[in-house]
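Please report on the model below. Cover its contacts, its overall form and its surface.

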Amino acid sequence: MKKFKLTSLNKLIDKLIVDALVHDPQRIEEITNACKDMNNDFFECQKEKKQIEIQLNKLKEVLKRDIENKEIINKLIQEPPK
């Protein structure tokens, strides 16, 4: 009975070794590729974020100038003609 268990255990160990040698490198490559893709996506998001921040700052400046212009127009409207 012990001989049978030892043989089964050896077969299981052999199977695990083969599985590790064959399948783990494939899994590692898949994970590595997925990480590279996520890293590229992250850098693309950073680029987009910077572009959006630039556009947002431009819009803020335009809004600020628009508010200032409206205030000037309102002052001019309220002033009596000379």
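## Lysine 49 and glutamate 53

The side chains of lysine 49 and glutamate 53 form a salt bridge, with N and O 3.5 Å apart. A salt bridge here is a side-chain nitrogen of Lys or Arg within 4 Å of a carboxyl oxygen of Asp or Glu. Both lysine 49 and glutamate 53 sit in helix α1, four residues apart, about one turn of the helix. Helices are DSSP runs of H or I with at least four residues, strands are runs of E with at least two, and both are numbered from the N terminus.

Lysine 49 is exposed, at 52% relative accessibility. Glutamate 53 is partly exposed, at 38%. The classes are buried (under 20% relative accessible area), exposed (over 50%) and partly exposed (in between), with a 1.4 Å probe and protein chains only.

## Basis of the model

This is a predicted model: local features need pLDDT of at least 70, side-chain atom pairs count only at pLDDT 80 or more, and totals for chains, interfaces and linings use all residues. Residues are numbered from 1 along each chain as its sequence is written, and side-chain values use heavy atoms, leaving out hydrogens and water.

## Other salt bridges

The whole structure holds four salt bridges. Side chains of opposite charge can pair when their charged atoms come close. Arginine 27 and aspartate 24 are three residues apart in helix α1 (residues 2–78), so about one helical turn separates them. Arginine 27 is partly exposed, at 41% relative accessibility. Aspartate 24 is also partly exposed, with a relative accessible area of 30%.

Lysine 70 and aspartate 66 form another salt bridge, at 3.6 Å from N to O. They lie in helix α1, four residues apart, about one turn of the helix. Aspartate 66 is partly exposed, at 34% relative accessibility.

## Overall form

How many helices and strands does the protein chain have? There are one helix and zero strands. The radius of gyration is 34 Å, well over the 12 Å that the globule rule gives for 82 residues, so the protein chain is more spread out than a compact globule. This radius is taken over C-alpha atoms, and the rule is 2.2 Å times the number of residues to the power 0.38. The C-alpha trace spans about 115 × 20 × 5 Å along its principal axes.

Aspartate 37 and histidine 23 are 14 residues apart in sequence and 21 Å apart in space, C-alpha to C-alpha. Aspartate 37 lies in helix α1. Alanine 34 and asparagine 10 are 24 residues apart in sequence, with 35 Å between their C-alpha atoms. Alanine 34 is in helix α1 too, and is partly exposed at 35%.

## Surface and charge

Of the 82 residues, 0% count as buried. The protein chain exposes about 8300 Å², and carbon and sulfur atoms supply 62% of that area. Areas come from the Shrake-Rupley method with a 1.4 Å probe; for residues, only the protein chains shown count as cover.

A nonpolar surface patch has about 820 Å² of accessible area together; its members include Leu6, Leu9, Ile13, Val18 and Val22. Patch residues have over 30% relative accessible area and no salt bridge; like charges are joined within 9 Å, and nonpolar side chains (Val, Leu, Ile, Met, Phe, Trp, Tyr) within 5 Å. Valine 18 lies in helix α1.

The mean positions of the 17 positive and 15 negative charges are 6 Å apart. Lys and Arg count as positive, Asp and Glu as negative; His and the chain ends are not counted. Each charge is placed at NZ of Lys, CZ of Arg, CG of Asp or CD of Glu.
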